[in-house]
Amino acid sequence: MNPRKPFVALLFFFFQLGPLVGQGVLLRGVVLDAQTNDPIVGATVAFEDTSLSPLHSAADGTFHTTSAAQQVLATVSYFGYQSQTVTLLANQLNTIALKAQPQALAVVTVSAEQPRENGLKALPQLTLSDKDFSRNSSAGLGETLSQIDGVTFISTGTNIQLPVIHGLYGNRILMLNNGFKHGFQNWGTDHAPEIDVVGAAAITVVKGAAGVKYGPDALGGAVLIESQNLRFNNPFYGKATTTFQTNGRGYGSNVQLGRGGKNFSYHIGANANRIGDRKAPNYRLTNTGARDYAVQGGLRYRYRKWAVKSQLSSVQQNWGILRAAIGNSGPALIRNMEASKPTYIQPFSYAINEPNQRVQHHMATAEVARHFEKSTLVLRMAQQWNARKEFDVRRNADLPILDLSLSTSDVQLEWEHQWTEKVKGAWGVQYFSQNNTNNPGTSITPFIPNYASSRYSAYAFESITTSEKSTWELGFRLDWEQHVVAGRDSRQVVFQDNFTFRNSTLSFGNTYQVSSTTTWRNHIGSGWRPPNMAELFSFGQHESQTTFGLLRYEPDTAGFIQAMRVVPIGESQVQPENSVKYTSEWDWQGAKNRFTITSYANYITNFIFSRPIGVLGTARGPMPTFIFDQTNALFLGADLTYTTNYHKNGTAKIGGSYIYSRNTTRNETLINQPPIALHAQFKHSFYQLGKVDNIVVALLPSYTFRQFQAPRTIAVRDLVAGTTALAVNDPIFDFQAAPAGYFLLHAFITIQKGPFALNLEVRNALNTSYRDYLNNMRYFADELGINFISSLSYQF
């Protein structure tokens, strides 16, 4: 018997299941900007028939529901646009073009009106549109998302950034790229996701436990990256942008093209950036240049009740790492970490030398959807290839110190359904696998082993509207995964291991409309996350430090670290992380003012984190050494945002975030947690000023406090000299005290005339010297100084 036949039969059964769910006629529509023909995301569609629940338009501007009537009266509205009452006709696409209100154009930066997916409606979330991050094509994903309260980024130098949500980062924050987990070497703080931010249409941050919807990697939240929309009935369009920045003498260009017919649409895009050595206020940061190249494309086709979509993307990066972070002796390490400025400074150059990272990431996706009366069955498939090479300062510097190939496969089958007007949800199954291979030729012991991982998952969540004011969500998920590992220990002896993890995830949420202006969202969810391969098996030198995973070290009889053997996981005390997180969001929106406060509490057992353990000798000399450890941890915090329309053409926004974190097992602080941060934005628009259509001027001040929850400090010279010896169970410490708080001022002006738009931006306008607590390079150098950025775009 052909083994494929049962699978094909199963798919056929699922596709035929939908018509049994219920009867009714389909109401569909798309909400567009009347001037630009761009989709409006999050527009409210309120029906005259109160038995129909209000809807929000999706990322491509579309919405749909079912009704017993052939035509329904509805009012479509969105902040900054004139509301429109229309008659929606059944079984056809209704197009609603909203006209912008002159006094509200370009006023709002961050939109909280993104339609919330089933299973996520009670979770705090915010969306950035492409207008919010298109001004600076060289900005990383972390810097882009830091516009959102409660979100910051941890970094290694000027190029490598990872988003931090409520104190969590890395494998606890899922990067969802066009509906799929982004398959990259997601470990450590020196590996950033290879995502072309400029090529995205919108980025949504979910600030809560989204494990039921997305799996273990969303224990702390999720970042949803959506590529350019593949809209139907859209004439040929395009946009070309060129950029330049003074800091690093960077330049780049971006092109986006597309067209949508009645049943077919396509989109293609490309982006390229080149940046040289960056500059702090008082000195050059040698070897901090970057090269970024990206292309993407997509096709979409529909036929009757079928829809097909496919997307391709490719990203190539070559990123330099600060040369002054590398030392070859104990005295050199002391000089590097105690000097007021880097000990290695060279004239400006575009050259990228060691240490550096060269990464390629390729992704292909396909989606087939079958629409029924009250349900949709969607099959999604993705294949990703990731190649990473890292080079270090050593004798044979032409050989990579790390050479990894990672292949990722992802297959999802989801049934979105609507039982009644008040009950809807989704059920799904997923298969996810990764294969990681160390390519020969590095001449050192691999930092992480070869491995093959597989995960099988099933989930279900339902949304129940119990009244006009209250909607409840319940979700459940099961995950089972297996890992097969093979590598070499410090004596070059081959080791192997085979282990499995299994767990369940629960979520429970409520959205309550307190009044016409106030919404209260509450959500509690469990989550779990197995340790990743780097947390288990890291071994040896990586970038500017030495690291040992949970299974690569043991305390000796005196309590000091020894790393002679690889501990089988069955003999260890390693356990998956388990968490329970509660979030509450109070959102009040008046005619001119809006206030949102999000509070949360997150308790994680078996929390895995990296901490310093001392300075150990290597072939290159003494290096700061870190180990992975497990503990129980508590995270408490709040995010606040206040927005006001102080003028018909202007808005002001003030926000801040605070987090308290604690190692509850040992009653001590954690390391690398975000300090208190405050920020503001004052924006004003001028219309029909002379021959210019629109001018937007904005000031963005911010203040970041000193991290008063930082661990104690032990000077690196004491560790190198051996006057301080540390055992595995000694209290946590850091090599340097947390840096002082700092004030930053950014500003930008946008001038629009017809299809042309000129953006002028200045970052760190006061040229402030400061160090960021969440940047690993704070041990060696200041952050970037003043940077003037200009971009000119033409849209048609």
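This is a predicted model: local features need pLDDT of at least 70, side-chain atom pairs count only at pLDDT 80 or more; totals for chains, interfaces and linings use all residues.
Residues are numbered from 1 along each chain as its sequence is written, and side-chain values use heavy atoms, with hydrogens and water left out.

Figure 1. Helices (H or I, at least four residues) and strands (E, at least two) are DSSP runs, numbered from the N terminus. Along its principal axes, the C-alpha trace spans about 80 × 75 × 45 Å. Buried residues make up 57% of the 796 residues. Buried means under 20% relative accessible area (1.4 Å probe, protein chains only).

**Figure 2. Helix α5, residues 330-338.** Buried here are G330, A332, L333, I334, N336 and M337. Their cover includes β36 (593-616), β37 (623-647) and α7 (716-721). At the start of α5, a side-chain oxygen of S329 reaches to within 3.2 Å of the backbone nitrogen of A332. This is a polar contact (a pair of N or O atoms within 3.5 Å; within protein, one must be able to donate a hydrogen and the other to accept it, and residues adjacent in sequence count only if both atoms are side-chain atoms).

**Figure 3. T583 in strand β35, residues 577-589.** T583 is buried, at a relative accessible area of 1%. Contact means heavy atoms within 4.5 Å. Leaving aside neighbours within four places in sequence, T583 is in contact with L123, P124, K207, G208, R521, N522, H523, S599 and Y600. T598 is 15 residues from T583 along the chain, and their C-alpha atoms are separated by 7.0 Å.

**Figure 4. Q736 in the loop between β42 (733-734) and β43 (742-753).** Q736 is buried, with a relative accessible area of 17%. A polar atom of the Q736 side chain lies 2.6 Å from the backbone oxygen of M337. A polar atom of that side chain also lies 3.1 Å from the backbone oxygen of Y779. Not counting residues up to four places away in sequence, Q736 touches M337, T713, R778 and Y779.

Terms used. Buried means under 20% relative accessible area, exposed over 50%, partly exposed in between (1.4 Å probe, protein chains only).
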